[in-house]
Amino acid sequence: MDPTQTEQLKLYEPWLIIAGVFVLFILLRVTRKGLRRRVDEIGYRLLRGDRGLMFWFWLNAPGVIVHELSHAIIVLLFKPFGFRISSISLFRIKPQVQRGPGGRVVKSGGRQSLQLGEVQYIRPQGRFMSHVGDGMSAIAPLFGGIAMLLLLYWVATGYSLWDLNIQHLQLFRPGWPWWTLIFAPYLILTVTSEFWPSRQDWRGARWFLLGLIIVVVAVGMFLWVFKYLVFNDALLQLVSAIALHIDLALAVLLALDILFLLIAELLLQLVRR
């Protein structure tokens, strides 16, 4: 490649790395949906009916348990502010009742929504910390899932995801036991399938997230106006360095998705015969 073109490419490299986070995330959504379609069909054909469509949810039971435990842990942490768990179900498949305005039950002609687990709690009304606790509990599965992903990656390879280096890529620590690969990839699949907060979770966190965004923007503007925060090459390089680690983590997840997709496609072809 022409040295001039190489220099020009380096100018855009940080932006390409940052854009890679979004591209890889979209690809993961596509591969995960493709995997679910295949698993649904495998279950439907093996169990000869709609019960087979539950196979995906049973497959992801460990991820659902981590999801619900993440909710519960945050509620327990807010116990000094009056939070108390009233009931908890770590994994239970049941139809989710859809309610419209006024509490009316809404029936949909499409696929039945299912509830896989539930954490119910009570807390004081109208307090500031009650709204903070609601928001933190709602988005807790995102952080709990990421923490479990980091742990499982270490269990599988002996390295942390932060140790990934594109220049010296070594997936497994020398001498690390290989048998962890028997279960760790599957658990990584289930945890990352269920770590995204549900619609109900996002609805519960909306005021907390809105307030958090306003505070972050206000602090950022304050730092920028008073020259404490300067958007320069150093800041761009820092952001791109963080994005590179996220890219590598997402690439590992994408590789696992492709592996499970190939396995699911092979099994699907067998059950179709």
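What pattern does the protein chain follow when read along the sequence? In this predicted model, the order of elements is α-α-α-β-β-β-β-β-β-α-α-α-α. The protein chain holds seven helices and six strands. It has 273 residues, of which 34% count as buried. Among contacts with a separation of 6 or more, 73% join residues 24 or more positions apart.

## Helix H5 and its partners

Helix H5 spans residues 184–194. Nine of its eleven residues are buried, so H5 is largely enclosed by the rest of the structure. The buried residues of H5 are Ala 184, Pro 185, Ile 188, Leu 189, Thr 190, Val 191, Thr 192, Ser 193 and Glu 194.

| Pair | Angle between axes | Axis separation |
|---|---|---|
| H4 (residues 128–157) and H5 (residues 184–194) | about 170 degrees | 9 Å |
| H5 and H7 (residues 233–272) | roughly 105 degrees | within 11 Å |

Angles over 145 degrees count as roughly antiparallel, and H4 and H5 are therefore roughly antiparallel to each other. On the H4 side, the contact is formed by Gly 145, Met 148, Leu 149, Leu 152, Tyr 153 and Ala 156. These residues meet Ala 184, Leu 187, Ile 188, Val 191 and Thr 192 in H5. Nine of the residues in the contact of H4 with H5 are nonpolar, two are polar and none is charged.

The second pair has another arrangement: H5 and H7 are roughly perpendicular to each other. Here Pro 185, Tyr 186, Ile 188, Leu 189 and Thr 192 in H5 meet Leu 253, Leu 256, Asp 257 and Phe 260 in H7. The contact of H5 with H7 comprises seven nonpolar residues, one polar residue and one charged residue.

In soluble globular proteins, nonpolar side chains tend to be buried together. In this model, the largest nonpolar core has 28 residues, and those with the most contacts inside it are Leu 35, Ile 188, Leu 250 and Leu 253. Two or more residues are given to this core by each of helix H1 (3–47), helix H2 (55–59), H4, H5 and H7. The greatest contribution, ten residues, comes from H7.

Leu 253 touches Leu 28, Leu 149, Ile 188 and Thr 192, when neighbours within four places in sequence are left aside. Another core, of ten residues, lies apart from the largest one and includes Val 75, Phe 78, Ile 139 and Phe 208.

A polar atom of the Ser 70 side chain lies 2.8 Å from the backbone oxygen of Val 66. Beyond residues up to four places away in sequence, Ser 70 touches Ala 140, Pro 141 and Gly 144.

Phe 195 is placed in the loop between H5 and helix H6 (199–225). Leaving aside neighbours within four places in sequence, Phe 195 is in contact with Pro 141, Leu 142, Gly 145 and Ile 146. Phe 195 and Val 64 are 131 residues apart in sequence, yet their C-alpha atoms are 8.0 Å apart in space.

How values were computed. Residues are numbered from 1 along each chain as its sequence is written. This is a predicted model: local features need pLDDT of at least 70, side-chain atom pairs count only at pLDDT 80 or more; totals for chains, interfaces and linings use all residues. Side-chain values use heavy atoms; hydrogens and water are left out. Axes are lines fitted to C-alpha atoms, for helices over the stretch in contact, and angles run from 0 to 180 degrees between N-to-C directions. Helices (H or I, at least four residues) and strands (E, at least two) are DSSP runs, numbered from the N terminus. Angles under 35 degrees count as roughly parallel, over 145 as roughly antiparallel, 65 to 115 as roughly perpendicular and the rest as oblique. Contact means heavy atoms within 4.5 Å. Ala, Val, Leu, Ile, Met, Phe, Trp, Tyr, Cys and Pro count as nonpolar, Asp, Glu, Lys and Arg as charged, and the others, Gly among them, as polar. A polar contact is a pair of N or O atoms within 3.5 Å; within protein, one must be able to donate a hydrogen and the other to accept it, and residues adjacent in sequence count only if both atoms are side-chain atoms. A nonpolar core is a set of buried Ala, Val, Leu, Ile, Met, Phe, Trp, Tyr and Cys residues joined through side-chain atoms within 4.5 Å. Buried means under 20% relative accessible area, exposed over 50%, partly exposed in between (1.4 Å probe, protein chains only).
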